[in-house]
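Thank you for coming; I would like to take a few minutes to walk through one model with you. Please have the sequence and the coordinates open while I talk.

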Amino acid sequence: MARDEGGGNSPLLARNVTFRASAASQQSQNSTETLMTKVFGTKNAPNQRVSESLDYEPVQNKIFYERMKAAKKERHLFGYTGHTLAKFIITMVSGILTGFFAVWMSNFVGTMFEWKNGFVQELLDEDGEHRVFIAYLWHAAYSCLLVSFAVALVQYWAPQAAGAGVTLVMAYLNGNHVPNLLRLRTLITKFVGTCCSVSAGLPMGPEGPMVHIGACLASVITYAECSE
């Protein structure tokens with residue numbers, strides 16, 4: 001729907017025309033969003049812009065040069081302001097925390113496997129004709145429960161945590177902005193979802209998700225004092 005801001009009988013190219021979606025089209029679009037569409041998604045392209053490019057190049061202007069001059073005047077300790085030391089500290093803390101997360105994930109998955117296999121072995125050691133079938137059903141139900149919990153976290157809380165995350169991190173480093181890719185919510189969902197998926201016995205490992213977890217940790221530490 002176009003709204004003419006210039007008016008008159010002037011040519012269309014000479015007018016200031018603003019194109020807006022009509023209320024009827026928006027209402028029909030909202031009415032087509034069923035429960036199955038919300039759960040499984042849709043193949044239609046989104047109306048809003050969901051991705052943009054990051055600009056790593058510094059803006060060469062007067063404000064930039066004034067900040068550079070002010071930074072040179074603030075150097076007190078051996079000619080440095082302390083920003084370089086802060087970068088080294090953030091890098092080391094990010095690496096150490098990523099290692100801790102890897103150890104926690106390995107211990108959690110190992111504990112879940114031992115408990116599951118131990119309980120299944122107890123069911124198999126019991127007397128009964130259907131003990132194998134009962135043990136199989138419990139093993140399948142346990143795995144399905146873990147997978148369902150991981151899927152629910154990704155689907156309804158942090159969709160950015162889907163997949164391994166390596167390609168998304170590479171795209172982000174190459175300048176493609178992916179919204180909410182490195183947030184705390186994504187970090188928690190990635191860690192819990194990976195633990196549940198590996199513990200359920202899915203054919204996957206924690207190597208790929210650990211790349212995304214490390215990137216999320218570095219981003220969370222860097223922007224710890226920033227508020228939305």
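**Helix packing and aromatic pairs**

Let me begin with two aromatic residues, Trp138 and Tyr142, which stand four residues apart in helix α5 (residues 131-156) and are therefore separated by about one helical turn. Before I go further, this is a predicted model, in which local features need pLDDT of at least 70 and side-chain atom pairs count only at pLDDT 80 or more, while totals for chains, interfaces and linings use all residues. Residues are numbered from 1 along each chain as its sequence is written, and side-chain values use heavy atoms, with hydrogens and water left out.

Rings of Phe, Tyr and Trp (for Trp, its six-membered ring) are taken as a pair if their centres lie within 6.5 Å, and planes under 30 degrees apart count as stacked, over 60 as edge-to-face and the rest as tilted. By this rule there are eight aromatic pairs. One of them is formed by Trp138 and Tyr142, whose ring centres are 5.2 Å apart with the planes at 10°, so this pair is stacked. As for accessibility, buried means under 20% relative accessible area, exposed over 50%, and partly exposed in between, with a 1.4 Å probe and protein chains only. Trp138, at 24%, is partly exposed, whereas Tyr142, at 10%, is buried. Elsewhere, ring pairs join Phe100, Phe101, Trp104 and Phe191 into a cluster.

Stepping back to the whole chain, the protein has eight helices and four strands, where helices (H or I, at least four residues) and strands (E, at least two) are DSSP runs numbered from the N terminus. Along the sequence their order reads β-β-α-α-β-α-α-α-α-β-α-α. Of the 228 residues in the protein, 20% are buried.

Now to the helix packing. Axes here are lines fitted to C-alpha atoms, for helices over the stretch in contact, and angles run from 0 to 180 degrees between N-to-C directions. Angles under 35 degrees count as roughly parallel, over 145 as roughly antiparallel, 65 to 115 as roughly perpendicular and the rest as oblique.

How do the axes of α4 and α8 cross, and within what distance do they come? The axes of helix α4 (residues 83-125) and helix α8 (residues 207-222) come within 9 Å and cross at roughly 135°, and the two helices are therefore oblique to each other. In that contact, meaning heavy atoms within 4.5 Å, the α4 residues include Ile90, Val93 and Phe101, and those of α8 include Met210, Ile213 and Leu217. By class, this contact has 11 nonpolar, four polar and no charged residues, with Ala, Val, Leu, Ile, Met, Phe, Trp, Tyr, Cys and Pro counted as nonpolar, Asp, Glu, Lys and Arg as charged, and the others, Gly among them, as polar.

Helix α7 (residues 184-199) also packs with α8, at an angle of about 150° and with the axes 9 Å apart, so α7 and α8 are roughly antiparallel to each other. On the α7 side the contact includes Lys190 and Phe191, and on the α8 side it includes Ile213 and Leu217. The residues of this contact divide into eight nonpolar, three polar and one charged.

Also in helix α7 is Ser197, which is buried at 12% relative accessibility and, leaving out residues up to four places away in sequence, touches Ala150, Leu202 and Met204.

Finally, Asn180 sits in the loop between β4 (176-177) and α7, and has a positive phi of about 60° although it is not a glycine. Asn180 is partly exposed, at 35% relative accessibility.
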